Amino acid sequence: MKQRVYFEHLSCSHCAMKIEEKLEKRKLFPEVAVSFATGAILVESDHPVSEGELAAMQKICDDIEPGVTLSLQKPGTAPIAGAVCDSGHEPSHGEHDTCACGHDHRHGEHDACDCGHDHDHGEHDACGCGHDHDHGEHDACGCRHDHGHGEHDACGCGRDHGHGEHNACGCGHDHGHGEHNACGCGHDHGHHEEAAVEVSEQAARKLAARPGTQTLRFTGLSCSHCAMKIEERLEKSGRFEAVSVSFATGTILIRSPRVLDFEDLTFVQQVCDDIEPGVQVSLAETGPSKKAAPSEEGEEKRPLWPLLLAVVLAVAGMVGEHLATATAVLWIADGLLVAACALACYDVWYKGVTGIFKKRVDENLLVTVAVIASFFLGEFGEAAMVALLFKISLYLEDRAVGATRKSLNAITNIQPETAAVAGPDGQVTETPAEQVQVGDEIVIRPSDRVPLDCVILSGSTAVDKSAITGESLPVNAAEGDALPSGAINLSGLVRAKVTSPLEESTAARIIKLVEESAAQKSKSQKFITRFAAIYTPVILLCALLVAILPPLTGLGSWNHWIYTALVFVVSACPCALVISIPLGFYAGIGAASKRGVLIKGGKHIENLAKLTDAVFDKTGTLTDGKLQVTEVKALADLGEGEVLAYSALAEQYSNHPISRSIVAQCPQLPDEKLLSVEEIAGKGVRAQLEGRELLCGSARLLRDAGVVVPEGIEANVLLAIGGQCKGYVAVGDQVRPDSRETMSQLKTLGVRTAMLTGDSAKAAAKVAGQLGLDDYRADLLPQDKVDGLLSLKGEGKTVAFVGDGINDAPVLAASDVGVAMGFGTDAAIEAADVVLVSGKPSSLPGAVKLSRRVMNLIKFNIAFALIVKFLVIGLSLFGLSTIWMAVFADVGVTVLSVLNVTRLLLGGKKQ
């Protein structure tokens, strides 16, 4: 079975990978997976994790990342009485006041401190550094250097400077007093220059009101490789528990044990500015106040006229070069080409040159080097072609990525900002959805979205639940019916009572699951991250060797081989892979959510795509879970109607679900009076009639009373009167209408089907026969289902388990892909990897087909990008490719890959 061991204070995702590798090598457990995003280590074991095993795991963590703490319990947030402390030590009175360190200290130490060292009273006042220093140092500072009193006032930089410098600043440069007032840019400027940090105190207060995983949005970031670097820098800062930057959605997901504040937002902005100047970070509104995606508003629109003018100048220059007969005309033509390059790529050059000082190698620097080198080689036309193609490709890439983001964010834009609340006096007022309380009465007009989960008090209507369940057919709803938030009221006006607050509503939970799914990276994404880190330096090294070795050995001119090396340089950026693969997974998640299937990350798409076995629970999954009488059989002198009537007479006082279903099926009870009724737990009911005893229950109940039970009867309820078995009643639930079609579709996809159930072997065999299942296990207790699942798993198999209840949580966690039916129980949803919101098993084959399509697109994009890049590089060695071809191999392939991915979001809701 799979178990979770939770960890805290691990700030490095690379260290998490090392911990996983070391745990696997130690072979403490058959399988180990460290999830940096969720803060848990998932271990496969046939027994509960022991204290000795936990200690061995702790030692491995300490060796790799000192300060990491492991626990079998999910970390809570309850503070020590009288203090707000997260330390791992017992404090004395006054100690640990708002402290989160991991060391013992004395009274008054660590006032609001996050460091990991011992120090004296007064040290580290509001400090988060990792070094010892004296009283007064690091006032509200987050740097990692020693400095004197007054330095780094509210600063997060990494350099020494004097008193008054960096007032509320997070940049990485030295400057004088008054500079960078509330600034997070990456450049020097004087007092009154425009600040880059667009974070208001009001936004910070909103953020602080929402603890847990927080979402920030960014605009102005055009480089997916830079997004990876921002994620890496934020993780290594140690300021947050986990960080995931999604270039595909323009969001930064941050998990922290405390609420984020204004300084945290400023710090994030500082990191972004240091890596990619011009990026704007803002608080992402969620729920009803969620604003448009970055691609819809707030994204700075680049003017087209400089690019159009550059094209005109480049054409004029190329024509002039071709027709030039005089040196002066040639100079003018070359001047036009240089002007075209400058006009098209001035911002690219700026980013490339500033990247050198920040030790950043990206596509901007590579193209800058290629253009400038072309000038020196006298290839002015080639330089202009490279600049224009690169800029045009960037423009198309921005539009393609922006359109995809717009489509993805439209999926989560399903919750209204306000609700029409009816007051005691009947007055209806528009109220922010987050302010509406459980029990409030709301009015839902025709064409309105349902703002919060509620139950209809009066009125009737037709409801469109397609945004929630993926089902396009409207559903009729009347008094007493539940309405999920995000659904659309199509016809009548209804009044309803709110049943859950905003943050717990159906729409909010769907939005959260979809947005946080970006943090669950697949194996393909992890591979591309490692590949990109190796690919660029290797290609650049090859470019250097190509530029130097052949000319030195007399194999050609310097100009020829330097030009060839420039092709290598431009081909060194892995953008097509870094952008299209995460975007492909997230587009697949978005497309699935439109179909009523929530997939919690790219890694689960990978597992669904290679699914070999699907194992189902029976009751409530393959069947509707509604018990009713399926068969009545008379064995003696009574008729079938009388057998049912006497059974209902005995069962009328029992609250057991089987008893209730029998009573509900019987329209009229016998006139005989019961003198006494005794319910025997686990067996049935003993009742006394006038002059005879009535037994109603299991065969065991009858046998214990000495009644002869005919062989071969496996019904739920047997009836005996006066010591003789009179008949039996079979009670069960009905197979869902779509279950048989689901099994048929799965078999068409090559997926083997099986069932695990706690029901009797006869009932299980009947359902298995009706649905054509390949295998089944019956009479299983909840704990036996895990063993049953493991018995079905084999080497090379990927097994999914589909269930709906709290008892299914262990087996959901033990499967390769846990699939929960609907929003039934929090435990099942928490343990599951996929949620079928519609609650219908027929959604699963569509999810498998979609996942396979996603993986095929991603594999095609990987192959396409690598083949084109290596083809251009290979041809360049024979002088058959040019720099502008390398530009296409970089940005052009990226655009085509993104457009290929967007096909996932096209079409209707049905696969």
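Reader: Which residues in α15 meet residues in α25, and which ones in α25 do they meet?
Author: I605, E606, L608 and A609 are the α15 residues involved, and in α25 they meet L844, A847, V848, S851, R852, V854 and M855, where contact means heavy atoms within 4.5 Å. Helices (H or I, at least four residues) and strands (E, at least two) are DSSP runs, numbered from the N terminus. Please keep in mind that this is a predicted model, in which local features need pLDDT of at least 70 and side-chain atom pairs pLDDT 80 or more, while totals for chains, interfaces and linings use all residues. Residues are numbered from 1 along each chain as its sequence is written, and side-chain values use heavy atoms, leaving out hydrogens and water.

Reader: At what angle do α15 and α25 pack?
Author: Helix α15 (residues 602–609) and helix α25 (residues 843–876) pack at about 105 degrees, and their axes are 8 Å apart. Axes are lines fitted to C-alpha atoms, for helices over the stretch in contact, and angles run from 0 to 180 degrees between N-to-C directions.

Reader: Which strands does α25 lie across?
Author: Helix α25 lies across β18, β19, β28 (799–803), β29 (817–821) and β30 (834–836), and its direction is at about 45 degrees to that of β18.

Reader: What is the strand order in the open sheet of 7 strands?
Author: The order in that open sheet is β18-β30-β29-β28-β19-β26-β27, and the pairing is mixed, with two strands counted as a pair if DSSP finds at least two bridges between them. The edges are β18 (597–599) and β27 (775–777), each of which has a single partner strand, so one side of each has no neighbour in the sheet. From one strand to the next, the twist averages 20 degrees.

Reader: Do β19 and β26 pair in the parallel or the antiparallel sense?
Author: Strand β19 (residues 613–617) and strand β26 (residues 752–756) pair in the parallel sense, over 5 bridges.

Reader: Where is A316?
Author: A316 is in helix α6 (residues 305–323), and at 36% relative accessibility it counts as partly exposed. The C-alpha atoms of A316 and L336 are separated by 7.2 Å, with the two residues 20 apart along the chain.

Reader: What is the phi of K27, and what about S447?
Author: K27 has a positive phi of about 55 degrees although it is not a glycine, and S447, also a residue other than glycine, has a positive phi near 75 degrees. K27 is in the loop between α1 (13–26) and β2 (31–35), and S447 is in the loop between β11 (441–444) and β12 (454–458).

Reader: Are those two buried or exposed?
Author: K27 is exposed, with a relative accessible area of 69%, and S447, at 61% relative accessibility, counts as exposed.

Conventions. Buried < 20%, exposed > 50% of the residue type's maximum accessible area, 1.4 Å probe, protein only.
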